[in-house]
Amino acid sequence: MLLWNAKWIKTMVRLFTVVMICNFAVCTFAGCGGKEEGGEEKQEAQPTKEEESTPTPIPTSTPAPTEPAKEVRTDFYISSLDEEIPSMCEYWKDYFSIGIAITKGELLNDFKGELIVQQFNSMTCGNEMKPDALLDREATKSTGTETCPVLKFDSCDEMLAFCVDNNIKMRGHTLIWHSQTPDWFFMEGYSNKPDAVFASREVMLERMENYIRLVMEYVNTTYPGVVYAWDVVNEAIAPGDGGENGMRMSDSLWYQTIGPDFVEKAFEYARKYAAPEQKLFYNDFNTYETAKRIAILELVNKIKDQGNIDGIGMQSHIGMNSPTLLDYEETIRKFGETGLEIQITELDINLDSNSEEDFMKEGTRYKRLFFTFKNLVDTGAANITNITVWGLTDEGSWLNKDGKRYPLLFNQVLETKPAFWGVLMDEGIPLY
């Protein structure tokens, strides 16, 4: 009996020990993070029904990188002698050629010559192909005839050769002009005496034809393919000057010796002797003036009906504020309606200040002009085929005769100006 009691007691002790060990293990596991220090019992977050049913999306592609901000130009004065600059004629090659009017002295400067080759694919002689540069009175008096003068071409030979060597085309400027044509050419016997009298209409018509023939034959034979356009007649319209249909009369010896049809006759002769690929232009200034525009349109439409004209040249010596671009654009549109080519032949902007602020405004003026040209071409409103700037540097501008002016794209040390970058539509030049 005692033995059984002892076994029972031992069994109960073992059972108690097992229960105690199990209770200790359960309490220890529950105590691993059962409470945060000093706080309530931490509850594990339970997913909502929406979270349980909607899986987290997995990206299917890498997001596109953010483009860096475009750098806007702030330095507009770049030396063309030290750094490479963009080419204007290359920039505008799909729209029109970019030309330069230059004198022989400037062209023979090596640095200017290199800049011209880089920037321009059309050239106009500033003075070297005008009648007073080509007519040789002494040779005419000794070997010419009453109806056929003698010409010399030493003034423009080097410029034409430069074009040949550098694959630049030339605008022939100008055949018939009341200015820079010597008075003796209109007189009997080519006299330069104060009491000289005008040659007859018949003689002057022959002189005109022979002059045009001699110029064109020499250029087309000696430098074939170089001249692509001729300013046949320059500045024949001056409303209010007394001539028929708004024509210039008081200071035009062509009008006084031949009559109002001298322009038509000049184009007739030019067409007769021009090479097949050469275009014939009437060229004038202030074409945006309403009365002058109307008279020019009447004149060129008559010559167009005769089959003797290809285009109108708008000189475009303009100011910072005049003409308005609306008036200027309206003239281009009206000329464009004729179906003739339009060329901007003598572009500059008369600026009498060299402050940084005004140079930037000049750059904006140039940018707006070229924006207008581009828009007119894009919309088919005008067939603009050339833009020619009248001069390379401010220092060499013809406008300096009235005081210092800053109308062009380069300064005297061949640095670009804001105007240059305006022509290139640079984002650093504001459009307004």
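With six of its six residues buried, β1 is largely enclosed by the rest of the structure. This is a predicted model.

β1 has strand neighbours. It runs parallel to β10, residues 383-389. It also runs parallel to β2. The table lists both pairings.

| Partner of β1 | Bridges | Residue pair |
|---|---|---|
| β10 | Four | Ile 98 and Ile 387 |
| β2 | Four | Ile 100 and Met 123 |

Next comes helix α5. It spans residues 110-119. Which of its residues are buried? They are Lys 112, Gly 113, Leu 115, Ile 116 and Gln 119. Seen down the helix axis, these buried residues fall within an arc of 165°, so they line one face of α5. The face turned away from that buried side carries Asp 110, Phe 111 and Glu 114, which are exposed.

What do the buried residues of α5 pack against? Their partners include the strands β1 (97-102) and β2 (122-125). The helices α3 (88-91), α4 (104-107), α8 (157-166) and α15 (418-423) are also among them.

The N-terminal end of α5 is capped by Asn 109. A side-chain oxygen of Asn 109 lies 2.9 Å from the backbone nitrogen of Phe 111.

Finally, confidence. The protein chain has an average pLDDT of 88, and 84% of the residues score at least 70. Over residues 1-56, pLDDT stays under 50. For residues 1-56 the model has five contacts beyond four places in sequence.

Terms used:
Residues are numbered from 1 along each chain as its sequence is written. This is a predicted model: local features need pLDDT of at least 70, side-chain atom pairs count only at pLDDT 80 or more; totals for chains, interfaces and linings use all residues. Side-chain values use heavy atoms; hydrogens and water are left out. pLDDT is the predictor's confidence in each residue, from 0 to 100. Contact means heavy atoms within 4.5 Å. Buried means under 20% relative accessible area, exposed over 50%, partly exposed in between (1.4 Å probe, protein chains only). Helices (H or I, at least four residues) and strands (E, at least two) are DSSP runs, numbered from the N terminus. The arc is that of the directions from the helix axis to the C-beta atoms. A polar contact is a pair of N or O atoms within 3.5 Å; within protein, one must be able to donate a hydrogen and the other to accept it, and residues adjacent in sequence count only if both atoms are side-chain atoms. Two strands pair if DSSP finds at least two bridges between them.
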